[in-house]
Amino acid sequence: MISKDDMWYMFFEVMNKKNNKGEIGLATSTDGYKWKYEKIVLNEPFHLSYPYVLHWENQYYMIPETFETKSVRLYKAVEFPDKWVFANTLIEGYPYLDATVVFYNDMWWLFTSLPRNNILLLYYSDKLEGPWKSHSQNPIVMGEPSIARPGGRPFIYREKLFRLTQDGSNRYGSKVRAFEVKEITPTTYRESLYSKNPVIEASGSGWNKLGMHN
């Protein structure tokens with residue numbers, strides 16, 4: 001979700017049963033509670049999901065998951081919120097999952113995982129459009145599916161950076177945990193589990209009986 005001019009915009013994956021491909025849909029709300037579904041705003045010949053939308057230097061950008069292309073792709077809004085064009089490939093080479101970016105300490109950081117949900121990779125850049133470089137400590141998480149896969153937008157609270165991660169040990173999305181990033185530079189990375197974890201988990205009944213995404 002992202003807000004603009006007293007309106008909330010929610011971007012999400014819609015599964016197209018005709019081609020079994022994910023597409024990006026849009027809903028709008030004036031209060032964040034009652035929502036109106038609008039339409040599909042982005043589709044491609046390949047699967048799309050996890051639409052990460054951000055506002056930067058008077059432009060709106062989207063980084064959807066495009067693992068079938070073995071790349072992380074950046075889209076730009078030519079008319080927000082419903083007209084998007086491909087802008088650039090940020091990184092490529094692997095089937096990246098749930099790529100998530102944040103601007104912190106005058107640098108862009110990109111977190112992403114791989115299909116087994118047990119590896120977390122980190123990249124950095126001076127500019128959102130790139131070029132992006134692999135962190136010297138990659139993978140920054142290895143062999144731990146309970147904490148590797150990104151689980152939503154990182155946030156800065158009281159000048160501290162937090163990253164969210166979803167538990168993929170049994171099924172991804174069963175729990176969401178928060179980590180405080182203690183140190184992040186192009187050559188170092190340290191984090192610690194936030195004391196009150198998980199911050200949310202499967203309820204045991206209803207729509208989120210087994211879990212939820214992001």
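Ile63 touches Tyr50, Pro51, Tyr52, Val72, Arg73, Leu74, Leu90, Ala99 and Val101, leaving aside residues up to four places away in sequence; contact here means heavy atoms within 4.5 Å. Please keep in mind that this is a predicted model, in which local features need pLDDT of at least 70 and side-chain atom pairs count only at pLDDT 80 or more, while totals for chains, interfaces and linings use all residues. Residues are numbered from 1 along each chain as its sequence is written, and side-chain values use heavy atoms, with hydrogens and water left out.

**The nonpolar cores**

Ile63 also belongs to the largest nonpolar core, a group of 20 residues in which Ile63, Val72, Val101, Leu110, Leu128 and Trp132 touch the most other members. A nonpolar core is a set of buried Ala, Val, Leu, Ile, Met, Phe, Trp, Tyr and Cys residues joined through side-chain atoms within 4.5 Å. Buried stands for under 20% relative accessible area, exposed for over 50%, and partly exposed for what lies in between, with a 1.4 Å probe and protein chains only. At least two residues of this core come from each of β5 (49-56), β6 (59-65), β7 (71-79), β8 (83-92), β9, β10 and β11. Strands (E, at least two residues) are DSSP runs, numbered from the N terminus. A second, separate core has 17 residues, among them Leu120, Ile147, Phe179 and Ile184. In soluble globular proteins, nonpolar side chains tend to be buried together.

Which strand has seven of its seven residues buried? Strand β10 (residues 107-113) does, so β10 is largely enclosed by the rest of the structure. Both of its faces are covered, with Met107, Trp109, Phe111 and Ser113 buried on one side and Trp108, Leu110 and Thr112 buried on the other.

β10 pairs with strand β9 (residues 97-104) in the antiparallel sense over six bridges; two strands count as paired if DSSP finds at least two bridges between them. Val102 stands opposite Trp109 in β10. Two residues lie between the strands in this hairpin of β9 and β10, where Asn105 takes a positive phi near 55 degrees. β10 also pairs with strand β11 (residues 119-125), again antiparallel and over six bridges. Here Phe111 stands opposite Leu122 in β11. The hairpin of β10 and β11 has five residues between the strands, and Asn117 takes a positive phi near 65 degrees.

**The four-stranded sheet**

Four strands make an open sheet in the order β1-β2-β3-β4, with antiparallel pairing. β1 (2-4) and β4 (36-42) stand at the edges with a single partner strand each, so one side of each is left without a neighbour in the sheet. From one strand to the next, the twist averages 35 degrees, taken between axes that are lines fitted to C-alpha atoms, with angles running from 0 to 180 degrees between N-to-C directions. Strand β3 (residues 21-29) is joined to β4 by five bridges, and the two run antiparallel. Gly25 has Ile40 in β4 as its bridge partner.

**Backbone points to check**

Most residues other than glycine have a negative phi, and most peptide bonds are trans. Asp6, in the loop between β1 and β2 (7-16), has a positive phi near 65 degrees. Asp6 is exposed, with a relative accessible area of 73%. Lys70 has a positive phi of about 55 degrees and is found in the loop between β6 and β7. Lys70 is partly exposed at 47% relative accessible area.

A cis peptide bond, with omega about 10 degrees, joins Phe80 and Pro81; Pro81 is in the loop between β7 and β8. Another cis bond joins Gly130 and Pro131, also with omega about 10 degrees, and Pro131 lies in the loop between β11 and β12 (133-134).

**Salt bridges**

How many salt bridges does a search of the whole structure find? The search gives 11, each being a side-chain nitrogen of Lys or Arg within 4 Å of a carboxyl oxygen of Asp or Glu. Glu65, Asp98 and Arg149 are linked in a network of such bridges.
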